[in-house]
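Let's take a walk through this structure together, starting with its aromatic rings. Have a look at the model first, and then read on.

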Amino acid sequence: MHGLPLICIVALAAISALLAVALYRTRRRLGAALPENPPANRLLQHAEQRYLQLFENILDAVVVIRGGRVFDLNRRAETLFGVTKDDLKSASASELGLPAVTESFEVAKLRLKDGREATVEAAGVSMDVDGAEARLITIRDISDRERAAALIRRKNKELEALNAVAGLAIRNVASQEVMEGAIKLVQGLTATDSVALCLASEDGKSLALAAATGMSDELKNKVGEIRFGLLWKVYQSGQPLVENDLPARSEARRDLMEKGVVVHSTIAAPIQSRGRTIGTLSACSYRPRVFDPDDATLLGTLGAQLGAVVDNARLIDGQRDQKEVSEILLAAATAFGRSRTIEDLADALLEAAALASGQPGVSLLIYDDERDLLKLTAITGVTEEARKVLLGRSWGPKNEPTRRLRDDRATLVMTREEMRKYDPEAVDAAGPAATVFVPLFQQEQFLGAIAVNFSDLLCIDGRTLSLLEGLAGLCAASLANLNLWGIAERRAILGGALLSAGQELSSARAPERVMQEAAALARRTLRSEAAWLWTAAGGRFRTDAHDGGLADLHGRVNEGRELFGGKLLDGGGAVALADAESAEASPEFRATARLLGARSVLAVPVRVGDRVLGAIAVADAAPRQFVHEDVTALETLATYTAVCLENARLLQDLSLSNEEIRDAQAQIVRAESLAAIGRLSAAIAHEVRNPLSGISAAAQALLKSAGQSGALAADLQLLRIIDRESKRLNRIITDFLQFARPRTPAPRRVAVPALVDSTLSLLEQEMGGRFKVEREFSADLPPAHVDGDQLKQVLINLILNSIQAMPSGGTLTMRARRAELPSGSAAEICIQDTGPGIPPGDLPRVFEPFFSTKKEGTGLGLAIAHQIVQAHGGSISAHGSPAGGALFRVLLPASALPAPAAQAAREA
């Protein structure tokens with residue numbers, strides 16, 4: 001600003017001019033009243049012209065205000081305001097827009113007539129002219145000077161920004177750090193609300209957001225690929241562009257505006273390096289603001305400088321990345337090479353992929369080519385709740401990511417919104433902003449994929465994808481080798497297990513033992529929790545063997561259609577169920593799994609030729625994918641089982657046939673022996689009975705006469721011995737005749753309890769009160785279909801045998817209950833004593849004729865009982881009792897025997 005001396009000079013010039021004007025006007029007004037004085041008039045006129053010329057030629061605009069209105073102004077003022085003196089004859093100072101000023105120059109804004117706003121310096125002085133107050137205002141237009149100063153300030157800021165950007169390059173930092181620093185510089189320089197830096201793709205067909213400030217993560221993730229709009233125009237044209245008043249424009253991208261925030265103005269410039277456009281730099285204002293071409297020029301200058309810096313940083317990134325990539329891949333290859341199991345490989349892969357991507361959420365998906373699905377096998381970097389949801393999850397062929405990875409063989413990047421279309425539950429559990437799927441291929445074989453969850457789309461760059469693809473190649477090779485090695489090892493193990501199984505099965509002789517061994521071998525060979533073996537008969541399956549845990553169905557019979565919908569009964573191939581709770585499981589398979597208490601089941605039929613003998617199955621309580629080797633092993637074991645089971649049954653049948661032949665031979669020998677004994681007994685009895693009858697009659701007559709004549713006592717004793725022994729010999733002969741000529745039974749329905757009670761009544765005298773008798777008869781005891789007299793004879797012989805075994809007395813227990821015979825219901829009668837029992841060596845011979853351990857008796861009592869019971873179609877057996885003594889068990893039919901059976905019993 002100018003000081004007081006300058007304003008004084010201007011004021012004096014102005015006052016001189018005013019005085020000249022006043023003199024001139026006074027002279028005009030007085031005119032003729034003054035005497036004519038030509039020299040004075042000329043001098044006055046010259047002074048007037050001189051002072052008017054001085055007033056008009058002052059470089060600053062001067063306006064004289066008198067009485068509140070414009071009194072006069074010079075030529076510079078007319079130019080400044082764009083008016084003439086005539087235009088201002090009636091104008092007031094306020095209408096002219098004159099600022100309120102003091103005697104010192106001050107900066108003020110002046111609104112001109114054409115609407116422009118000028119920056120001026122103004123000062124004013126007051127004076128008295130012709131008795132009236134006048135104010136002289138001097139105005140200097142400094143707009144050009146202000147613009148020059150503003151330009152200098154802008155240039156200084158621009159140079160400062162360029163120096164700061166150049167400083168980023170000098171720091172030798174990564175390109176991402178360069179870009180983050182650059183956008184913060186631009187935001188400070190432009191005083192905008194948000195700044196975005198986008199880089200072109202390698203093919204130059206799109207832009208992608210590389211760095212941004214003043215934007216939320218949600219908005220960053222929504223940007224995606226840019227192929228249109230302001231930024232795309234800037235990228236294609238290589239020229240800065242400005243767009244103001246965006247809310248009023250219908251084509252504005254409102255989908256890229258924040259919720260509750262409106263972008264009012266945008267300025268964008270290209271980022272150029274070495275004569276080519278590599279991206280764009282843009283700034284946005286959320287408040288009403290007008291960007292001008294100077295702003296675009298400034299941003300363009302920064303973009304040009306930033307292009308070289310970004311390119312240099314990329315070169316540094318490349319060198320650093322190449323080293324890091326080499327180190328990561330070398331470490332991964334070493335770790336993969338040391339892996340001996342899929343679990344070891346998965347752990348090494350997850351660690352390497354997390355290091356390569358900088359993201360903790362990494363998972364390995366293994367492809368099942370038989371079921372055409374991807375299964376999540378291992379995962380890291382998620383919560384325990386998310387692990388429970390994700391681990392073991394499968395995506396089938398209808399899932400778009402699975403199909404694209406398998407068929408396109410290319411890395412797949414999917415945003416959170418895209419993933420929700422296919423598996424919303426998995427997305428909600430993991431919560432990534434985006435997921436990168438890298439396929440695992442070994443030659444033409446699709447093995448699976450690596451999945452990396454990214455928290456920010458900006459983290460997905462070419463370097464990360466390239467590194468993940470390199471890891472995928474190494475992992476695929478290692479996985480293929482592990483699969484081959486695992487298959488060979490598993491085949492060797494299964495081969496050894498099956499060879500051992502075949503040897504163990506072939507050593508089993510009984511069918512029951514074969515089936516139990518087969519179930520145990522199946523469970524151990526396939527490393528399952530449980531195994532079952534069913535036999536088939538009449539369209540049904542019976543569980544004959546079980547090994548391990550889960551449901552023990554031993555002895556249970558199921559209709560054939562209840563197991564896997566009848567697939568095993570129909571003789572089809574193997575039936576595999578990986579997960580009974582999956583949507584792919586059929587209702588029949590789910591029902592079978594519930595029956596077994598399992599979630600995964602593998603079953604194969606056991607058959608010889610086209611004949612289904614049964615089925616064998618293994619199962620687990622957790623989901624399990626059975627592979628081809630599992631199916632082959634179980635089918636091989638089923639073949640071994642079928643052969644061994646048939647051999648065991650044939651051997652059993654042969655053994656039974658041999659036993660039947662031996663029994664038949666023994667029966668023939670026994671029958672011939674009995675027949676010979678019978679014929680001999682009949683002949684002896686016939687020859688002995690007649691003389692014996694005479695001896696017995698003579699003895700009785702002598703006893704009678706001796707008693708009447710008073711014979712000696714010794715003689716009477718001798719006669720009594722002869723009579724007693726004659727009678728005993730007659731009973732023996734009767735036994736001989738009864739055994740030799742058995743009477744044909746006349747069966748009828750006989751109540752067993754009543755028959756037992758009547759028999760015990762007949763033997764009361766023999767028992768003589770020395771024995772305690774206990775009776776136990778069941779309520780469901782059926783009547784016996786027998787000859788009552790003959791059954792009574794059997795009971796008498798058995799009870800007498802027990803009484804004779806207890807000469808000092810004891811307890812006799814009579815039991816009767818219901819039993820079952822092949823021919824139908826039966827009555828079982830048990831007679832147990834508390835005597836010394838039967839020696840084990842004598843048990844097989846107790847029913848042989850003439851066999852006896854007693855000093856007295858013929859040894860025919862038990863033989864006759866055996867003969868009578870067999871004639872009724874029943875059975876009799878002798879046992880040693882755990883409580884001591886002997887136990888005889890008699891089984892008698894409760895219904896009439898068929899004619900052939902009855903005839904066979906009589907012949908026996």
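Ring pairs join Tyr367, Phe441 and Phe446 into a cluster; here rings of Phe, Tyr and Trp (its six-membered ring) pair if their centres lie within 6.5 Å, and planes under 30 degrees apart count as stacked, over 60 as edge-to-face and the rest as tilted. This is a predicted model, in which local features need pLDDT of at least 70 and side-chain atom pairs count only at pLDDT 80 or more, while totals for chains, interfaces and linings use all residues. Residues are numbered from 1 along each chain as its sequence is written, and side-chain values use heavy atoms, with hydrogens and water left out.

Searching the whole structure turns up five aromatic pairs. In one of them, the ring centres of Phe441 and Phe446 are 5.1 Å apart and the planes meet at 35 degrees, so this pair is tilted. Phe441 and Phe446 are both buried (under 20% relative accessible area, with exposed over 50% and partly exposed in between, using a 1.4 Å probe and protein chains only).

Another pair to find is Phe564 with Phe589, which is edge-to-face, with 5.3 Å from centre to centre and 85 degrees between the planes. Phe564 sits in the loop between strand S20 (557-559) and strand S21 (575-577), and Phe589 in helix H17 (residues 587-596), so the pair ties together parts that are 25 residues apart in sequence. Helices (H or I, at least four residues) and strands (E, at least two) are DSSP runs, numbered from the N terminus. Phe564 is buried, at a relative accessible area of 1%, and Phe589 counts as buried at 12%.
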